[in-house]
Amino acid sequence: MTSGDSVPRDHPADGAESLRVVSVIPLVSAWRIDKTFDYLVPEELASEVALGSLVRIPFGHRRIRGIVVGDGDGDGDAAPSGELEQILSAPLRHPIAPPPMDELLRWLADRYVVPRAAAFAKVVPPRVRVREADVSERPAAPEARRILRYSGGRDLMEALARGKAGAWSVRVLPGEDRGALIAELVGAAVGPGNGSALVAVPEVRYGNAVLDRLEAVFPSLARVDTAQGDAARARGWMALAAGAAVGGGGRASVLAPAPALRAIVLDEEHHGTFKEDRTPRYDARRVALERARKQGAICIFLSATPTMETSLAVRQGRFGAALPTRELSRAARPIVNTHPQSNEVLSPELHHAIRDALRAGQRVGLLVPRRGYASAIWCATCKRSLRCPRCEAGLVFDQGRRSVRCPRCGLTATAPDVCPNCGAHDFRLLGAGSERLQEQLGKAFPRARVARMDPDVLSEDDPEAARVMECDIYVTTWIGTKEALRPPVDLVGVLDVDMLIRRPDFRAAETAYQALAEMSEWAGPASSGGRLVLQCSDPGHHAVQAIVRADHDYFVERELETRSELGYPPFAELLKVTATGPAMDESLSAASELARSMGARVLGPISVKDRGASDERRQILVKADDAGAVALKLRDILIGAPRGTRVSVDVDPR
């Protein structure tokens, strides 16, 4: 970086004329310095500094980290006007963002509307002062068996062995050992030479069976998931930069260094956690596709219920596909029964099914969409429900804590003794959450052991102890259906399918279908006694019928037709522009005008409430053919927002 009293550049300091000049992106996420700066490479660091290297540099009165992105000599975005300063050190032996990773990170910064420093910071390991691991060992490839049962599986294995770039969808058979299946794919990719493969899984908070299985097959697996400590993650990150064959972790692993990348595998690609919820809010699926394209690798999406974007790409021939046969799919499904909703939490049919299962010594899993004791608190005197004072949403009652909670904005407070509207004491608790259902089941089946798993239990108890808890009836919200937590059961009941399907979200049918497919897999195949009971008022809905028929294409055909009519993904790309502050209306108006000038459709603005936020926010939704192009134009509005006004852009929102 330059100094105000330094000599002009055409009169370099003594000896500096022989030093190499490089362009560096300082890792300071601020729009005003969203540019590169030129630095000299000292002779003692000449062999250690390469494109993509992490370096330590003087920056004003500070010493910060940066990443080398090119040769200097005036190519930097900020051409210095004085004497160049020198790089202080290079903490890592191997580059962490070698070409074309620098191009990918610039693309990420442009598409998701963040300073380049925010994008480049994603490839820096959590710690750099750790011993780097030896990566000389090459793993042995397991024999391919599982993937060859799939139609198109042999073509996929040949593409991996030959290093043929492209994108593939593997529609995984329910109950499949995905860890073993992914190990076969990874082995085919890294076996022929010195290439590497990255595996991304959606969530690791409670452990991940896929990563554990991969580690058993490939002992040298470089794990970079957050279940590892910072030091272990940093060692894995550095091992991948040095050429380790196999790496695995959460969504951030799609950005892990892999200079000789041959394959990226995303397990459960339909999962919403592949979308980052912090800046930069990238979608790991889009990043993986773009990275595979830039590095000439194969990107493989695995899921029993692929997203609509992936399903359409397969139908259009843009993705290859490996699919289970119809016979295998039907053999994997449980017995599925649908029953109408009743006034009681459990329909008579489901109550009888639970009774019969318990008599047979079987275990039962029940999915309730809400946690807490009651989903609404109603005053019997003034006939009004208790509302959140911040966002007007109905409050949920938690009996164990004697508290109320807003499911929309996250507000929590002590449950009132009197009605705030009329002062009466006569409350009615309506709707059953997991806490209340556990209580009711204990009374209905007094000999059964009833266990509950929801965020309240996880926050209080040891998750591992809860997972192995011996019980006859397992009551849970969605968090307890995760593979790492749920116990084996013979009967699964979903108490309110309507709530899943009728949510105000264009993806409601898709997420409902994916959730019901997970419940179907949890129940297990009919040949092993697996049964799934769905309580719903519309059994003919295509999300329900696709589960009954074990027919993914049945759902896709009908859902794509609806999406096409409404102009939602995969037939358009979305952006959400949110503003807060005194000039938020003017900023959103400018963003709307710009988007419309590019042929995009704009919905809104509307007022929104974010969880935990108390300030007023307004938002527009943009439907565009190319969200990245619109986002690039919106940068100027975001950067130029008046003082006190904040504008944010979320591309590919979920």
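## Burial and the cysteines

Buried means under 20% relative accessible area, exposed over 50% and partly exposed in between, using a 1.4 Å probe and protein chains only. Cys422, at 38% relative accessibility, is partly exposed. The structure holds zero disulfides, a disulfide being a pair of cysteine sulfur atoms within 2.5 Å. For Cys422, the nearest cysteine sulfur is that of Cys379, 3.7 Å away.

A word on the model: it is predicted, so local features need pLDDT of at least 70 and side-chain atom pairs count only at pLDDT 80 or more, while totals for chains, interfaces and linings use all residues. Residues are numbered from 1 along each chain as its sequence is written, and side-chain values use heavy atoms, leaving out hydrogens and water.

## The nonpolar core

The largest nonpolar core has 76 residues; such a core is a set of buried Ala, Val, Leu, Ile, Met, Phe, Trp, Tyr and Cys residues joined through side-chain atoms within 4.5 Å. Ile67, Val254, Leu255 and Leu575 touch the most other members. Beyond its neighbours within four places in sequence, Leu575 is in contact (heavy atoms within 4.5 Å) with residues including Ile620, Val622, Leu634 and Val651.

Helices (H or I, at least four residues) and strands (E, at least two) are DSSP runs numbered from the N terminus, and two strands pair if DSSP finds at least two bridges between them. Six bridges join strand 23 (residues 573-580) to strand 26, and Ala579 stands opposite Val647 in strand 26.

Ser587 lies in helix 18 and is buried, at 6% relative accessible area. Leaving aside neighbours within four places in sequence, Ser587 is in contact with Ile637, Pro642, Thr645 and Val647.

In helix 3 (residues 153-162), the buried residues are Gly153, Leu156, Met157, Ala159 and Leu160. They sit on the same side of the helix, because they cover an arc of only 160° around the axis, taken from the directions from the helix axis to the C-beta atoms. The face turned away from the buried side carries the exposed Arg154 and Arg162.

Among the elements covering the buried residues are strand 5 (166-171) and helix 4 (178-190). Just after helix 3, Gly163 takes a positive phi of about 70°.
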